[in-house]
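Here is a short tour of a few helices and loops, with the sequence and the model side by side. Please keep both in view as you read.

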Amino acid sequence: MSTSLDRALQAARHHDPSVRQRAALWLGTHADASIAQELVSLLVAEPDFYVRETLTWAVVTRSDATYPLLVAELAGQGDQRAQVLHALSKIRRPESVAEILPLTDDADDAVAAKAWWALGRIGTPGAVAALLDHLGDTDDFRRRELTRALEQAGDAAVEGLAERLGDPEPSVRRHAAEALLGIGDPAARPAAPALLHIVEHDDKEVVLPAIEALAALDLPEVDGVLHRLRDGDDAWLSITAGWLLTDRAERN
């Protein structure tokens with residue numbers, strides 16, 4: 001091991017995070033894959049956010065060597081699993097889905113959220129299916145994080161979300177509509193018929209995110225639907241549709 005590399009590894013364990021940051025940057029720039037184990041060990045032990053991000057970059061750029069080491073870290077029980085999942089979300093290997101899936105039900109909210117995020121970034125059919133299975137979670141944090149993960153999956157999630165708009169559970173239908181609103185135009189356009197059905201037939205708590213998701217789509221038929229709702233007998237729908245028509249006009 002070279003003198004410079006040895007000094008950098010020592011500095012990466014210094015008590016001062018600014019020293020560790022400089023060391024992490026040096027390691028990411030100059031070190032080769034032979035220190036993959038050291039990089040992963042530093043990553044999972046690092047308490048400072050900014051240093052962790054630099055170490056994540058160093059680990060991801062050497063993924064051929066670090067990937068199996070990261071997967072092995074998922075077998076632990078500590079907070080380090082969230083950071084490992086963050087790195088795996090950047091590597092985005094389809095084969096990592098099988099390793100990540102067990103953590104989607106983890107009791108630690110931060111770990112479960114990072115598992116969802118990683119699956120959303122990978123976006124394979126199996127990854128998306130696992131995310132869809134968690135729709136309707138009533139915990140605000142978990143619900144929000146799952147929505148963000150589905151937004152990352154984008155068009156890969158649209159067909160499944162459109163199907164979930166027909167789920168018997170209102171909380172699932174509402175959550176699916178919220179995710180489609182987040183995905184937005186143009187990816188969510190194939191879900192327009194299912195969103196329209198929700199708008200015309202569902203309860204208001206589900207209709208609100210559905211009509212917002214529909215109004216976000218740049219489709220010519222949407223204006224007609226909103227005009228009809230604005231001029232209809234339901235006062236709440238009329239006000240909501242009128243507001244959305246104004247918003248569409250301002251965007252265009």
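Which elements are included in what covers the buried residues of α16? Among them are α13 (192-201), α14 and α15. The model is a predicted one, in which local features need pLDDT of at least 70 and side-chain atom pairs count only at pLDDT 80 or more, while totals for chains, interfaces and linings use all residues. Residues are numbered from 1 along each chain as its sequence is written, and side-chain values use heavy atoms, with hydrogens and water left out.

**Two helices side by side**

Helices here are DSSP runs (H or I, at least four residues), numbered from the N terminus.

| Helix | Length | First to last C-alpha | Expected span |
|---|---|---|---|
| α10 (residues 140-153) | 14 residues | 20 Å | 20 Å |
| α16 (residues 235-251) | 17 residues | 24 Å | 24 Å |

In α16, the buried residues (under 20% relative accessible area, with exposed over 50% and partly exposed in between, using a 1.4 Å probe and protein chains only) include Leu-237, Ala-241, Leu-244 and Arg-248. At the start of this helix, Asp-234 places a side-chain oxygen within 3.0 Å of the backbone nitrogen of Trp-236. This is a polar contact, meaning a pair of N or O atoms within 3.5 Å; within protein, one must be able to donate a hydrogen and the other to accept it, and residues adjacent in sequence count only if both atoms are side-chain atoms.

For α10, the N-terminal cap is Asp-139, with a side-chain oxygen 3.2 Å from the backbone nitrogen of Phe-141. Gly-154 follows α10 and has a positive phi, near 60°. Buried residues of α10 include Arg-142, Arg-143, Glu-145 and Thr-147, and their cover includes α8, α9 (125-132), α11 (155-164) and α12.

Thr-147 deserves a visit of its own. Thr-147 counts as buried because its relative accessibility is 11%. A polar atom of its side chain lies 2.9 Å from the backbone oxygen of Arg-143. Beyond neighbours within four places in sequence, Thr-147 is in contact (heavy atoms within 4.5 Å) with His-175, Glu-178 and Ala-179.

**How α14 meets α15**

Two packed helices are described by the angle between their axes and the distance between the axes. Helix α14 (residues 204-215) packs on helix α15 (residues 220-230) at about 140°, with the axes 9 Å apart. The pair is therefore oblique. Ile-211, Leu-214 and Ala-215 of α14 meet Val-222, Val-225, Leu-226 and Leu-229 of α15. These contact residues are seven nonpolar, no polar and no charged.

Axes are lines fitted to C-alpha atoms, for helices over the stretch in contact, and angles run from 0 to 180 degrees between N-to-C directions. Angles under 35 degrees count as roughly parallel, over 145 as roughly antiparallel, 65 to 115 as roughly perpendicular and the rest as oblique. Ala, Val, Leu, Ile, Met, Phe, Trp, Tyr, Cys and Pro count as nonpolar, Asp, Glu, Lys and Arg as charged, and the others, Gly among them, as polar.

**Loops worth a look**

Most residues other than glycine have a negative phi, and most peptide bonds are trans. Arg-92, in the loop between α6 (80-91) and α7, has a positive phi near 60°. The peptide bond from Asp-185 to Pro-186 is cis, with omega near 5°.

Conventions. Expected span 1.5 Å × (residues − 1).
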